[in-house]
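Subject: Structure for you to look at

Hello,

Here is the structure we spoke of handing over. Please open it alongside the notes under it.

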Amino acid sequence: MAKWRDPSNRLAAMDAAGQDAQVLSVPSHCYMYWTEAEFAVPFARKVNDVLADYCSQAPNRLMFWAHAPLNVPHEAAKEIRRAVTELGPRAWSPVALISVAWSTTRLNWTRYGKRSAISMCQSSCTATTSP
């Protein structure tokens, strides 16, 4: 697993598999929605910072979905805004809590300045941003 810490290893594996791009995210079992705010909020920030740094090594090929601490709604909104305006995710993935309330095919566009993020309602969707 240590080799995946280096984006060049992932890019080489992508080349070997004929993949042009990948979108990375924290696995759903690591959303940490069950934790207290004191853990969930800094965890979401750290996840987004690490994913942004990792993907910055090849931004046209490596992209990420931002994580938000949805168990702390006001902080989740702040983290989504920060991630979208400062880090450049392709989307954010609130799958576990939001999919119950929305149709699995509906996309919710959220605009922050010149960037856009799509919140995806099912993990099998592909996310993109608008210019």
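This is a predicted model: local features need pLDDT of at least 70, side-chain atom pairs count only at pLDDT 80 or more; totals for chains, interfaces and linings use all residues.

Whole chain. The protein chain has 4 helices and 5 strands, and their order along the sequence is α-β-α-β-α-β-α-β-β. It is 131 residues in length, of which 41% count as buried. If you take the contacts between residues at least 6 apart in sequence, 62% of them join residues at least 24 apart.

Helix pair. Helix H2 covers residues 37-55 and helix H3 covers residues 73-87; their axes come within 10 Å and cross at roughly 15°. Angles under 35 degrees count as roughly parallel, so H2 and H3 are roughly parallel to each other. Their crossing is right-handed. On the H2 side, the contact involves Val41, Ala44, Arg45, Asn48, Asp49 and Ala52, and these meet Glu75, Glu79, Arg82, Ala83 and Leu87 of H3. By type, the residues of this contact are 5 nonpolar, 1 polar and 5 charged.

Histidine 67. This residue sits in the loop between strand E2 (62-66) and H3. Is histidine 67 buried or exposed? Its relative accessibility is 3%, and buried means under 20%, so histidine 67 counts as buried. Apart from neighbours within four places in sequence, histidine 67 is in contact with Val26, Tyr31, Tyr33, Phe43, Ala44, Val47, Asn48 and Glu79.

Regards

Methods. Residues are numbered from 1 along each chain as its sequence is written. Side-chain values use heavy atoms; hydrogens and water are left out. Axes are lines fitted to C-alpha atoms, for helices over the stretch in contact, and angles run from 0 to 180 degrees between N-to-C directions. Helices (H or I, at least four residues) and strands (E, at least two) are DSSP runs, numbered from the N terminus. Angles under 35 degrees count as roughly parallel, over 145 as roughly antiparallel, 65 to 115 as roughly perpendicular and the rest as oblique. A crossing is left-handed if the near helix is turned anticlockwise from the far one by less than a right angle, and right-handed if clockwise. Contact means heavy atoms within 4.5 Å. Ala, Val, Leu, Ile, Met, Phe, Trp, Tyr, Cys and Pro count as nonpolar, Asp, Glu, Lys and Arg as charged, and the others, Gly among them, as polar. Buried means under 20% relative accessible area, exposed over 50%, partly exposed in between (1.4 Å probe, protein chains only).
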